[in-house]
Amino acid sequence: MEKTYIVRLSDILDQIQSYLPGADTRLVEKAYVYAARAHAGQVRRSGEPYLSHPLSVAYILAQMKLDLPTIAAGLLHDTVEDTNVTIDEIRHIFGDAVADIVDGVTKISHLPVKSKVHKQAENFRKMLLAMAEDLRVILVKLADRLHNMRTLEFMPEHKRQRIARETLEIYTPLASRLGIDWLKRELEDLSFMYLYPEEYRRLREEVEKVVAARQDFIEEVKKIIAEKLEEEGIEGRVLGRRKHLYSIFRKLQRNNLTIDQLYLIYDIIGLRVIVKQIKECYQVLGIIHSLWKPIPGRFKDYINLPKPNMYQSLHTTVIGPGGRQMEIQIRTEEMDRVANEGIAAHWLYKEDKIISSTSVKSGQLEWLERLIELQKELQNPRDFIESLRMDLFPDEVYVFTPQGDIKVLPKGATPIDFAYAIHTEVGHHCARAKVNGRLVPLDYELQTGDIVEIVTASNQKPSRDWLKFVKTSRAKSRIKQWLKQEEKQRIIAAGREILDRELRKAKLTLSSFLDDEKAEEIARSLSFKDVEELIIAVGYGKVTPQQVVKRYLLEQKKEEDIEDEEQELLQRKRIHHQKGPESLSVEGTEDVLFHLSGCCKPLPGDEVVGYITRGRGITVHRADCPNLENLDPERLIDVKWEAGDGASYTAKIWVLTIDKKGMLASISGAISATEANILQAELKTTQDKRALFNFVLEVSNKAHLDRIINNVRQIDGVIRVERKLA
């Protein structure tokens with residue numbers, strides 16, 4: 001992880017000359033002078049002049065070996081958003097290339113505020129569209145995020161957590177997809193440091209011990225391989241390769257290991273052999289396997305099957321000297337350059353000409369095209385963000401059609417995912433699947449190298465059960481769309497039946513109601529676009545059939561008080577909590593039973609979402625409740641808390657502390673100081689001298705709970721405090 005320092009213009013120019021010797025850098029110098037004037041007097045939270053940020057961004061872009069317009073745009077990227085400069089001025093002074101990049105970055109940053117989820121989804125949509133137009137936009141955004149992460153210590157704690165989480169979930173996978181490995185690793189480790197500071201500190205200390213203990217072993221193996229290469233007349237380098245902290249942390253989590261069990265992770269330090277030619281990679285592989293026994297199933301050939309981010313290498317794990325496992329990577333110099341520089345290695349200056357993003361080989365940005373397609377389909381922000389996360393993370397398998405075409409799917413993908421990757425209709429009618437000539441269950445997990453054949457049937461339809469095991473966002477979205485359409489038809493039928501039954505009580509018929517032009521007026525008066533939407537609302541229970549029939553009768557009888565009654569009905573838009581004095585505002589709905597979800601226990605002040613159930617009113621969830629992913633988005637409804645008068649709610653928190661005397665008393669005192677009641681307390685201790693407390697509290701709202709958490713966080717010996725979801 002790099003240490004921050006004040007970058008000077010000369011540093012940027014020197015870096016440019018290192019990969020573009022003799023380049024005319026006047027464009028960059030002019031951008032520096034312009035940015036210095038525009039940001040004059042502005043200061044960062046760190047107290048440094050604001051200009052230090054665009055200088056650092058431009059230097060990172062130069063480290064990526066980008067073209068001069070991109071580096072100039074890095075210097076100017078905040079001028080339109082944070083100063084009085086306009087994009088037209090940038091275009092007039094610096095030309096279209098620089099202006100388009102600055103405009104793309106500005107559009108990503110400048111967002112309308114709605115809810116957090118909507119804002120985040122809109123942000124990511126704009127990033128994808130900007131990438132489709134010009135990849136340089138996202139490279140500037142990544143450099144901007146990297147420098148902001150390097151200086152994140154100056155932000156408030158709650159912002160540090162939010163920014164680090166967003167970086168880990170979206171920006172690091174983007175860097176990985178673009179193949180910029182050094183940037184991805186630094187972003188991951190910085191995010192890790194701010195999200196899990198105690199785990200980061202302990203892991204860093206323990207890794208240093210392991211590295212020191214294994215250094216002699218690594219040096220011995222390097223010497224053996226180097227001597228063998230010399231004997232065979234192969235020119236190459238043998239390097240030690242150290243795993244970065246976050247990847248070690250993830251591996252511990254995947255294997256259910258604690259930091260104290262770090263010694264069980266064999267590839268903290270590995271080896272990398274770098275040669276000149278591809279054929280030498282396979283020669284070296286043969287040499288390695290002749291020296292030490294390879295472990296079956298641990299060989300991967302990313303040379304013949306490159307990753308979507310262009311990564312190529314041979315990976316093998318062997319039993320080395322002393323019976324120790326070790327991972328060895330073998331690649332050419334060019335492969336090593338691409339592994340670090342990613343897309344920038346293929347897309348910039350070649351022989352003094354700019355190579356545009358269109359020169360990237362077909363298929364290398366297929367994931368971007370897939371995400372662009374999905375963002376058009378998935379209007380629900382939660383579905384879109386979840387799809388984005390699934391499609392960005394790079395754990396993948398490579399499978400083949402019977403014709404030999406390769407399909408890249410996420411790890412754990414099934415024949416259903418494969419079918420939808422071929423075509424939506426193939427997915428919808430997938431009845432059976434053959435893998436390597438044998439029939440397999442539809443939830444079979446595909447492996448790299450599998451040959452997959454899909455058998456379709458005209459009477460086969462998607463099943464809701466498929467959603468339990470499919471992995472790709474494409475398959476999930478197509479299945480949900482089909483189920484949504486089928487559900488819509490069922491709900492229309494149910495709505496018609498319910499409404500018809502109520503109309504018959506009034507000696508009326510559904511057909512006469514639908515033929516009456518007043519039906520459209522009634523639908524609009526209840527805030528629905530047309531009669532079909534009204535019938536769907538009746539089917540879902542958003543509107544009662546009594547409301548519809550009552551309005552229809554009022555229209556028919558032309559009573560004198562029609563206007564007063566309609567006004568009264570339109571103004572009744574409050575749903576009252578049946579178990580307490582808190583209320584929620586919901587547009588267009590009247591007196592529906594309302595429940596707080598037991599899975600996430602929302603509090604007044606939480607961002608919440610309503611879910612319309614069948615026959616049980618509306619259940620309210622926290623907006624970050626993971627169970628929302630499994631609910632029908634058609635039934636989600638926006639709700640907002642209104643002021644209450646002191647109801648009590650239960651909330652859970654957990655507290656990780658150093659195991660020492662008096663901690664329970666200190667924590668209890670901090671909670672009591674906020675006038676909260678402790679309903680239940682549990683304590684567990686761990687072998688590494690830590691104590692984990694679980695509390696069930698009685699609180700009045702989210703602000704009350706936040707005060708409790710802040711109070712507890714100040715106690716000496718407390719490592720972490722978090723609210724539990726349920």
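These legends describe close-up views of a predicted model.

**Figure 1. Confidence along the chain.** The average pLDDT of the chain is 81, and 82% of the residues score at least 70. Two stretches are set out here. Over residues 111–115, pLDDT stays under 50, and the model has six contacts beyond four places in sequence for this stretch. Over residues 559–582, pLDDT also stays under 50, and here the model has 50 contacts beyond four places in sequence.

**Figure 2. The largest nonpolar core.** This core holds 104 residues. Ile12, Ile16, Met64, Leu203 and Ile225 touch the most other members. Helix α12, which spans residues 197–231, supplies the largest share of the core, with ten residues. In soluble globular proteins, nonpolar side chains tend to be buried together.

**Figure 3. Leu187 in helix α11.** Helix α11 covers residues 181–195 and includes Leu187. Leu187 has a relative accessible area of 0%, so it is buried. Apart from neighbours within four places in sequence, Leu187 is in contact with Leu142, Arg145, Leu146, Met149, Thr167, Tyr171 and Thr172. Tyr246 is 59 residues away from Leu187 along the chain, and the C-alpha atoms of the two residues are separated by 9.6 Å.

**Figure 4. Helix α23 and its two ends.** Helix α23 runs over residues 531–540 and is mostly covered, with eight of its ten residues buried. The buried residues are Val531, Leu534, Ile535, Ile536, Ala537, Val538, Gly539 and Tyr540. At the start of α23, a side-chain oxygen of Asp530 comes to within 3.3 Å of the backbone nitrogen of Glu532. After the helix comes Gly541, which has a positive phi, near 90°.

**Figure 5. Asn694 in strand β23.** Strand β23 is made up of residues 690–699, and Asn694 is found in it. Asn694 counts as buried because its relative accessibility is 16%, and the cut-off for buried is under 20%. The side chains of Asn694 and Lys724 make a polar contact at 3.2 Å.

Key:
Residues are numbered from 1 along each chain as its sequence is written. This is a predicted model: local features need pLDDT of at least 70, side-chain atom pairs count only at pLDDT 80 or more; totals for chains, interfaces and linings use all residues. Side-chain values use heavy atoms; hydrogens and water are left out. Helices (H or I, at least four residues) and strands (E, at least two) are DSSP runs, numbered from the N terminus. Buried means under 20% relative accessible area, exposed over 50%, partly exposed in between (1.4 Å probe, protein chains only). A polar contact is a pair of N or O atoms within 3.5 Å; within protein, one must be able to donate a hydrogen and the other to accept it, and residues adjacent in sequence count only if both atoms are side-chain atoms. Contact means heavy atoms within 4.5 Å. pLDDT is the predictor's confidence in each residue, from 0 to 100. A nonpolar core is a set of buried Ala, Val, Leu, Ile, Met, Phe, Trp, Tyr and Cys residues joined through side-chain atoms within 4.5 Å.
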